[in-house]
Amino acid sequence: MAPSIRLSPAARSLFDEPLAIGVQGLGPRQQVTLRTSLRDETGELFQASALYQAGDDGELDLARCPALPGGSFSGLEPMGLLWALQPQKPFWRLVKRDVQSPFLLQLEVFEGHGECPGRLLAQAQHERAFLRDGVRRVPVREGRIRATLFLPPGEDTFPGIIDLHGLGGGLSEHRASLLASHGFATLALAYYQFEDLPQKPNKLHLEYFEEAVNYMLQHPQVKGPGVGLLGVSKGGEVSLAMAAFLKNIMAVASLNGPVAATCIPLSYKEKTIPTLTLYEHKAKATNSKILDYSDVLDDPFQAPGNQSLIPLEKAEAQFLFVVGQDDCVVKSEYYATEVCKLLQAQGKENFQILSYPETGHCIDPPFFPLYSIGSHPVFQKPAVLGGEVRAYSKAQVHAWSQIQAFFKKYL
């Protein structure tokens with residue numbers, strides 16, 4: 001029989017779910033090259049390839065068969081062809097703007113190994129989706145709030161989460177849509193550079209975020225009495241400030257978030273938290289001439305930086321700090337460790353740290369490609385963001401399951 005690709009699930013899966021890949025109908029111990037391709041919404045191409053040898057029965061199962069050296073990865077990596085996808089255009093990040101349409105993954109099997117693979121033996125397509133069947137996407141324009149609410153299937157009440165992205169601004173829905181697919185009512189909240197929100201705010205007013213908390217708690221399908229917050233980078237910092245100043249915050253997961261105000265001051269009522277001073281001249285050039293900005297901020301645990309520290313001792317919430325040890329934008333591991341020492345000194349035990357080696361600033365849901373060099377969120381110059389592809393892929397999968405378990409426990 002002719003070779004064919006076997007996928008499970010066959011036609012469509014959620015982007016953050018594993019995909020079982022196999023090839024049948026090959027010759028005994030036949031050498032083949034497998035290649036995956038995916039185009040983002042701008043048409044940019046991401047690809048990965050791996051070298052394999054079929055079994056004596058002509059079957060190839062990626063869950064049992066290690067990839068041979070020479071491709072994008074080697075060893076037993078059932079999901080390698082997804083996590084090893086890399087852009088053909090340097091420093092390009094895979095972003096999902098319209099979660100209502102899936103990414104289309106192309107899989108191809110070629111004869112032999114080598115620089116130019118031989119003839120095409122089999123091909124298949126697979127949809128990698130962001131919305132599970134039945135998940136509802138509801139645009140929210142209430143009062144000042146600019147957001148999208150994702151509701152899991154069914155008429156029940158669900159634990160509520162507000163999802164906050166970083167300094168890029170705009171509205172990002174990929175994480176919220178996936179969380180709703182796993183049973184959380186999730187509000188993807190924009191806070192600047194979106195529609196009629198400020199383009200360049202000189203302050204972030206926590207009253208805006210308080211409005212979003214109240215919106216969630218008044219929603220008939222959000223299970224109270226409080227909500228959870230999931231924030232990445234600046235969004236993590238804002239989430240921590242919300243927990244310190246606002247009511248009804250039960251659980252906060254901060255992904256590589258600062259623990260002090262950075263770049264844009266934070267304010268609530270009469271209180272303003274000033275930002276840490278940035279010293280651009282402290283950036284270090286790497287061998288590749290790309291800048292490493294990991295040392296450009298004042299230390300928030302030493303004067304004068306400590307006036308920028310968020311007063312987390314005031315918070316009632318549970319905290320989960322998810323940090324990459326190779327984060328070259330925020331000293332996230334140092335920040336999380338030091339702030340937890342301060343909480344401990346106050347007799348608090350409402351925190352845990354998940355620390356991942358060889359993981360950089362960008363921690364996305366599983367199977368997003370590593371984005372280790374990209375535009376710095378403040379300086380808009382090519383910068384080292386950190387991370388190594390295999391370690392990062394493992395961190396994504398582990399962190400994502402831990403984040404969901406954390407919110408299930410405390411919401």
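Colleague: Which residue just after H2 takes a positive phi?

Modeller: This is a predicted model, where local features need pLDDT of at least 70, side-chain atom pairs count only at pLDDT 80 or more, and totals for chains, interfaces and linings use all residues. Residues are numbered from 1 along each chain as its sequence is written, and side-chain values use heavy atoms, with hydrogens and water left out. Helices (H or I, at least four residues) and strands (E, at least two) are DSSP runs numbered from the N terminus. Just after H2, the positive phi is about 100 degrees, and the residue is Gly183.

Colleague: How many residues of H2 are buried?

Modeller: Buried means under 20% relative accessible area, exposed over 50%, and partly exposed in between, with a 1.4 Å probe and protein chains only. Helix H2 spans residues 174–181 and is mostly covered. Its buried residues include His174 and Arg175.

Colleague: Is Lys341 buried, exposed or partly exposed?

Modeller: Lys341 sits in helix H5, residues 332–345. Its side chain makes a polar contact with that of Glu338 at 3.0 Å. Such a contact is a pair of N or O atoms within 3.5 Å; within protein, one must be able to donate a hydrogen and the other to accept it, and residues adjacent in sequence count only if both atoms are side-chain atoms. Because its relative accessibility is 48%, Lys341 counts as partly exposed.

Colleague: What is the bridge partner of Arg137 in S11?

Modeller: Strands S10 (136–142) and S11 (145–151) run antiparallel, joined by 7 bridges. Their hairpin has 2 residues between the strands, and Gly143 there takes a positive phi near 60 degrees. In S11, Arg137 is bridged to Phe150.

Colleague: What is the volume of the largest cavity?

Modeller: On a 1 Å grid over the protein atoms alone, a cavity is a set of points where a 1.4 Å probe fits but cannot get out; lining residues have an atom within 4 Å of a point. Grid points are joined across faces, edges and corners, and a volume is the space filled by probe spheres set on the points. The structure holds 5 cavities of 30 Å³ or more. The largest has a volume of about 160 Å³.

Technical notes
Pairing = 2+ DSSP bridges. 1 Å grid on protein atoms, 1.4 Å probe; cavity = no way out; pocket = protein on both sides within 12 Å on 5 of 7 lines; lining within 4 Å.
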